[in-house]
Amino acid sequence: MWFCVYLFNKKSYSFIAYEMKNKCPICKKVFTGRTDKKYCSIKCKSIYNTKLNKVTFNACTQTDKILHRNRSILLEILGTNVQKKKINRMILDFKKFNFN
Ligand SMILES: [Zn+2]
């Protein structure tokens with residue numbers, strides 16, 4: 001069940017649905033609140049964001065490791081003051097450059 005409020009101005013009116021029963025995705029508790037409220041409490045919101053950050057952090061860490069290794073390989077082969085130079089793919093394969 002949800003409640004709605006109509007706000008009337010002189011020129012127009014707007015509709016705001018401000019209270020609705022929702023189910024918290026973390027603790028599965030039913031709660032009432034604004035229509036866009038997703039979690040029953042700050043604690044559940046914090047748990048969700050912590051889990052999300054952990055997953056994205058792990059994915060980013062692996063990608064960063066690959067990029068760092070590739071950059072080191074290129075720096076080793078090319079040196080520092082090179083803007084554009086062709087390198088044989090076999091050399092990069094030999095150094096285990098990650099193309100993916
Ligand atoms: Zn909750």
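What follows is a short chat about the predicted model shown above.

Reader: Thanks! And what pLDDT does the chain average?
Author: The average is 84, and 81% of the residues score at least 70. The pLDDT is the predictor's confidence in each residue, from 0 to 100.

Reader: Which elements have the lowest and highest mean pLDDT?
Author: Strand 1 (residues 3-8) has the lowest, at 50, and helix 1 (residues 42-78) has the highest, at 93. Over residues 1-5 the pLDDT is below 50, though this stretch has eleven contacts in the model beyond near neighbours in sequence. A contact here means two C-beta atoms, placed from the backbone, within 7 Å. Where pLDDT is low, the predicted coordinates should not be read in detail.

Reader: Good to know. In what order do the elements run?
Author: From the N terminus on, they go β-β-β-α-α, which comes to two helices and three strands. Helices (H or I, at least four residues) and strands (E, at least two) are DSSP runs, numbered from the N terminus.

Reader: Let's talk about helix 1. How many residues does it have?
Author: Helix 1 has 37 residues and reaches 51 Å from its first C-alpha to its last, close to the 54 Å expected at 1.5 Å a residue. That expected span is 1.5 Å times one less than the number of residues. After helix 1 comes Gly 79, with a positive phi near 80°.

Reader: And how many of those 37 residues are buried?
Author: The number is zero, so helix 1 lies largely in the open. Buried means 20 or more other C-beta atoms within 10 Å of the residue's own, exposed means 12 or fewer, and partly exposed is in between, with C-beta atoms placed from the backbone. Across the 100 residues of the chain, buried ones make up 2%.

Reader: Is Lys 43 buried or exposed?
Author: Lys 43, which sits in helix 1, counts as exposed because it has 11 C-beta neighbours inside 10 Å. Its C-alpha is 9.7 Å from that of Ile 26, 17 residues apart in sequence.

Reader: New topic: where does Lys 28 lie?
Author: Lys 28 is in the loop between strand 2 (13-23) and strand 3 (30-33). Lys 28 has a positive phi of about 65° although it is not a glycine, and it is exposed, with 9 other C-beta atoms within 10 Å.

Key. Residues numbered from 1 in each chain as written. Predicted model: local features only at pLDDT ≥ 70, side-chain atom pairs only at ≥ 80, totals over all residues.
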